[in-house]
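Q: Could you walk me through how to read the features of a protein model? I would like the general idea each time, and then the case at hand.

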Amino acid sequence: LWDAMGRPRTVCAPMVEQSELAFRLLCRKYGTDLCYTPMIHSRLWVESPSYRREIFSTCGEDRPLIVQFCANDPDTFAAAVRKLDPATCDAVDLNLGCPQGIAKRGNYGSFLMDDMQLVYSLINRVHTTCDIPITAKIRVFDDLAQTLQYAKMCVDAGAQVLTVHGRTRDNKGAGATPADWSLIKAVKEHVPVPVIANGNIFHNGDVAACLEATQADAVMSAEWLRRNPALFNGTAGSETGGLCVLDISSEYLDLCAAHPCPISFIRAHLFKLLTGISGGLQNYPELRQALQDAKSEAGMREALEELRRKRTAAGFGPEIKPLPKPLPLSDRSQETKPLPTPLPSPDQSQATKSLPTPLPVPEQSLETTSIPIPKP
């Protein structure tokens, strides 16, 4: 799978209502190798043709692509994957990382970490009954040995790629501490599949630093890629390689016109891009309100061009959005923290052997468990 996807180095994370086709294409233009779709609700995907039309779209330029699902029932998850055209993506991913309250209420994402038997069955059911490769995106435990056991179990179940977010389930929100790159490195040393490192990728320079610290195969960014879709551009000079964020915003609107998406998605992206730049939306409350009130892509473009005019008249140059300086590597990766002795690495020769018998699914069926639909 990794070779088939071109051995990607930079990855756009799955983001609810924010990693839609237009944004993925924008990121790909500026250096992102691999993209994930927004999380898809597996039961709704199975039951609703209209949901399938609304939640997922792609095109020939949108590859390699991994489609992410949330699920808590192996049969429903496998049924959802079978309704996905294998020609439209390279793999499917099981969301085991979402730490939000809606995931807790719906019993999915990182809240499945407490039930390793169920996680094994979810991955293994798709691996053994579907034609599309499966990957998994996980968070870490406080305990290294438990983290390594969890990662190895996902691989034994059939996951062909692991994305490891170097934070625990409770390490989230405004008070979150930096992701622990040393735990990602430990996972990489323990499993025989490609590992994508997730966490602390704020700037282009963080890519090389993370790959060196973790020995991962690729890095993933979410929030900071929203702020700067050219984060992975790699061009010398500014964070966007000398590109003006207003020009990038205009390109995004062009892509939205060619690949329509809900207006709420577009608005959220533009607010993220245009707030914080010198002479940005924070300087012009009337334009901020105009963007909030806009009901169409054309209305948002008008607000964008008015912002450009006002910035020019006020003497602001084509500056990019300023980003905080990256944290020192030692602070981010916690390399000075001694690690427990890792568990023995799996025997590479076992990779071609048959998978172990799936663990039993818990007696209580999850088919009737309601997974809340994420609100806009």
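Q: Which helices and strands each supply at least two residues of the lining of the largest pocket?

A: Happy to start there. This is a predicted model, in which local features need pLDDT of at least 70 and side-chain atom pairs count only at pLDDT 80 or more, while totals for chains, interfaces and linings use all residues. Residues are numbered from 1 along each chain as its sequence is written, and side-chain values use heavy atoms, with hydrogens and water left out. Helices (H or I, at least four residues) and strands (E, at least two) are DSSP runs numbered from the N terminus. On a 1 Å grid over the protein atoms alone, a pocket is an open set of points with protein on both sides within 12 Å along at least five of seven lines, and lining residues have an atom within 4 Å of a point. Here β6 (134–139), β9 (218–221) and α10 (223–227) each supply at least two lining residues, with α10 giving the most, three.

Q: What volume does the largest pocket have, and which residues lie nearest its centre?

A: A volume is the space filled by probe spheres set on the grid points, which are joined across faces, edges and corners. For this pocket it is about 1100 Å³. The lining has 39 residues, and Q100, R139, H165, A222 and E223 lie nearest the centre. By class, the lining divides into 19 nonpolar, 13 polar and seven charged residues. In that scheme Ala, Val, Leu, Ile, Met, Phe, Trp, Tyr, Cys and Pro count as nonpolar, Asp, Glu, Lys and Arg as charged, and the others, Gly among them, as polar.

Q: How many cavities of 30 Å³ or more are found?

A: A cavity is a set of grid points where a 1.4 Å probe fits but cannot get out. The search of the whole structure finds two. The second largest cavity has a volume of about 40 Å³, and its lining is made up of L270, L274, L281, L291, M300, A303, L304 and L307. These divide into eight nonpolar, no polar and no charged residues.

Q: Which residues have the most contacts inside the largest nonpolar core?

A: Such a core is a set of buried Ala, Val, Leu, Ile, Met, Phe, Trp, Tyr and Cys residues joined through side-chain atoms within 4.5 Å. Buried means under 20% relative accessible area, exposed over 50%, and partly exposed in between (1.4 Å probe, protein chains only). The largest core has 100 residues, with F69, L96, I123, Y150, C154 and L162 making the most contacts inside it. Its largest share, eight residues, comes from helix α7 (residues 144–157). Apart from it lies another core of 12 residues, including M5 and V161.

Q: Is D142 buried or exposed?

A: D142 is exposed, with a relative accessible area of 74%. This residue is found in the loop between β6 and α7.

Q: How many aromatic pairs does the structure have?

A: A pair of aromatic rings is described by the distance of the centres and the angle of the planes. Rings of Phe, Tyr and Trp (its six-membered ring) pair if their centres lie within 6.5 Å; planes under 30 degrees apart count as stacked, over 60 as edge-to-face and the rest as tilted. The search finds five pairs. F202 and W224 have ring centres 5.0 Å apart and planes at 70 degrees, so they are edge-to-face. Both F202 and W224 are buried.
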